[in-house]
Amino acid sequence: MNHWLFKSEPFKFSFDDLKKKGEKGEEWDGVRNYAARNNMRAMRIGDLGFFYHSNEGLNVVGIVEVCALAHPDSTIDDPRWECVDIRYVRDMPQPVSLADVKANPHLSEMALVRLGRLSVQPVTRAEWEEVCRMGGLVPAPMRPAP
């Protein structure tokens with residue numbers, strides 16, 4: 001299993017919006033960056049990710065699961081752009097701020113710190129466990145909750 005981070009501006013699509021979608025989840029559409037698209041192409045069903053509120057909040061607020069593999073993005077008629085579907089898994093008990101991530105020496109190489117504008121990012125297992133610990137999830141979930 002791989003781990004990821006999905007960034008969204010809450011005024012466009014928030015973690016609460018994703019929760020409302022229920023089990024079917026939602027297409028992670030609108031990504032127009034090749035690196036982010038390629039990250040989605042690498043995802044597998046059941047991979048877990050952090051949901052990060054960008055611009056407003058600047059924090060990891062929850063955990064999501066990939067529930068559909070990369071497929072054409074329905075918001076554009078251009079075969080270059082694909083997306084995955086994700087669904088809600090759980091809230092982060094304590095949101096983890098970008099400032100706290102940047103202040104943690106264990107996360108200095110995290111894509112969130114180094115590649116701040118990338119909307120879909122890989123997260124290493126060590127980073128996953130550290131951010132989960134910071135957010136009050138110990139042990140870190142490695143699989144979706146039943």
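This talk walks through one protein chain, from its overall outline to a few of its residues.

Good morning, everyone. What I am showing is a predicted model, in which local features need pLDDT of at least 70 and side-chain atom pairs count only at pLDDT 80 or more, while totals for chains, interfaces and linings use all residues. Residues are numbered from 1 along each chain as its sequence is written, and side-chain values use heavy atoms, with hydrogens and water left out.

Let me start with the outline. The protein chain has 5 helices and 6 strands, where helices (H or I, at least four residues) and strands (E, at least two) are DSSP runs, numbered from the N terminus. Reading from the N terminus on, the order of the elements is β-α-β-α-β-β-β-α-α-β-α. Along the principal axes, the C-alpha atoms of the chain fill a box of roughly 40 × 35 × 30 Å. A compact globule of 146 residues would have a radius of gyration near 15 Å, and the 14 Å of this chain agrees with that; the radius is taken over C-alpha atoms, and the globule rule is 2.2 Å times the number of residues to the power 0.38.

Of the 146 residues, 51% are buried, and here buried means under 20% relative accessible area, exposed means over 50%, and partly exposed lies in between, with a 1.4 Å probe and protein chains only. If we take contacts (heavy atoms within 4.5 Å) between residues at least 6 apart in sequence, 69% of them join residues at least 24 apart.

A record also has something to say about this chain. In UniProt, an unreviewed entry gives the annotation "domain: EVE" to residues 2–134; positions are given in the numbering used here, feature names are shortened, and annotations may be inferred rather than shown by experiment.

Now to the strands, which pair if DSSP finds at least two bridges between them. Strand β4 (residues 59–72) pairs with β5 in the antiparallel sense over 10 bridges, and within this pairing G62 stands opposite D91 in β5. Strand β2 (residues 26–27) is also antiparallel to β5 (residues 82–97), over 2 bridges, with I86 in β5 as the bridge partner of E26.

Is N59 buried or exposed? N59 counts as buried because its relative accessibility is 16%. Leaving aside residues up to four places away in sequence, N59 touches F51, Y52, H53, P95, V96, S97 and L98.

Let us turn to helix α5 (residues 125–134), whose buried residues are E127, W128, E130, V131, C132 and M134. These buried residues pack against β1 (3–8), β3 (48–53), β4, β5, α3 (98–103) and β6 (120–123). After α5 comes G136, which has a positive phi, near 90°.

The aromatic rings come next. Rings of Phe, Tyr and Trp (its six-membered ring) pair if their centres lie within 6.5 Å, and planes under 30 degrees apart count as stacked, over 60 as edge-to-face and the rest as tilted. Searching the whole structure gives 7 aromatic pairs. The rings of F6 and W28 have centres 5.3 Å apart and planes at 75°, so this pair is edge-to-face. It links distant parts of the chain, since F6 is in strand β1 and W28 is in the loop between β2 and α2 (34–41), 22 residues apart, and both F6 and W28 are buried. F50 and W128, on the other hand, form a stacked pair, with 4.1 Å centre to centre and 25° between the planes. This pair joins F50 in strand β3 to W128 in helix α5, 78 residues apart. F50 is buried, with a relative accessible area of 0%, and W128 counts as buried at 0% relative accessibility. Ring pairs also link F6, F13, F15, W28, F51 and Y88 into a cluster.

I will finish with the cysteines. How many disulfides are there? With a disulfide taken as a pair of cysteine sulfur atoms within 2.5 Å, the count comes to 0. For C67, the closest cysteine sulfur is in C83, and because the distance is 11 Å, it is too far for a bond. C132 is in no disulfide either, as the nearest cysteine sulfur, that of C67, is 19 Å away. C67 is buried, with a relative accessible area of 18%, and C132 is buried at 0%.
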